[in-house]
Amino acid sequence: MRRLDDYPGIGFPFFDEDHKVFFVAGKGEMAISYYQFSKQGNYLDVLSCFRGKEPQKGFSMMPKTCVDVMESETMRGVRMTAKTIEYVKFKVPRKTGGFSKDLYPDWRIGTPAHDFASYWGGADKDPIRESVEPTSAKKSSTVKPGNFMTKLTGAPAASPAPAAAASGPSSAEFDELKT
């Protein structure tokens with residue numbers, strides 16, 4: 001047994017179940033280490049280490065829908081330092097560009113496989129998964145700004161409401177509430 005790393009602060013662990021990669025970012029550290037579970041057993045193989053210029057205050061992974069599959073990106077994280085917020089892209093080096101089907105197994109799409117009754121009744125279902133292979137009309141699967149909420153809710157993104165249509169009590173109703 002070997003220790004992964006000594007982190008003087010709090011460690012932020014993340015696991016990518018699709019690629020069996022374990023990421024560790026330590027608060028106060030400048031590095032993000034990542035390891036892959038070996039196919040021979042319960043061992044971790046060192047993959048690489050990202051090194052930033054400043055110590056990180058926090059780190060989190062973004063949803064899989066944010067990665068660019070045309071660039072062989074497998075995960076994307078957000079790293080917060082004292083002065084900046086940085087995006088960290090974890091890519092698999094490839095000589096050719098474009099989508100590589102071997103890198104992208106079907107991903108969880110975020111839709112529950114159970115309703116409450118079946119879950120409470122003890123049913124066991126696999127998560128709902130979807131292929132991320134882009135169609136010929138679509139150049140990239142990176143979620144564009146404004147479309148992220150559409151993917152989450154299924155509803156089109158609403159345009160900002162005019163100031164007159166703001167929710168809450170009117171000034172007359174507010175005066176009534178004060179008395």
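Phe23 counts as buried because its relative accessibility is 3%, where buried means under 20% relative accessible area, exposed over 50% and partly exposed in between, for a 1.4 Å probe and protein chains only. This is a predicted model, in which local features need pLDDT of at least 70, side-chain atom pairs count only at pLDDT 80 or more, and totals for chains, interfaces and linings use all residues. Residues are numbered from 1 along each chain as its sequence is written, and side-chain values use heavy atoms, with hydrogens and water left out.

**Aromatic rings**

- A search of the whole structure finds 8 aromatic pairs, where rings of Phe, Tyr and Trp (its six-membered ring) pair if their centres lie within 6.5 Å, and planes under 30 degrees apart count as stacked, over 60 as edge-to-face and the rest as tilted.
- Phe23 and Phe90 form a tilted pair, with 4.8 Å from centre to centre and 55° between the planes.
- Phe23 lies in strand β2 and Phe90 in strand β7 (residues 85–91), so this pair ties together parts that are 67 residues apart in sequence; strands here are DSSP runs of E with at least two residues, and helices are runs of H or I with at least four, numbered from the N terminus.
- Phe90 is also buried, at a relative accessible area of 4%.
- Phe23, Tyr34 and Phe90 form one aromatic cluster.

**Strand pairing**

- The strands β1-β2-β3-β4, in this order, form an open sheet with antiparallel pairing, and two strands pair if DSSP finds at least two bridges between them.
- The edge strands, each pairing on one side only, are β1 (11–16) and β4.
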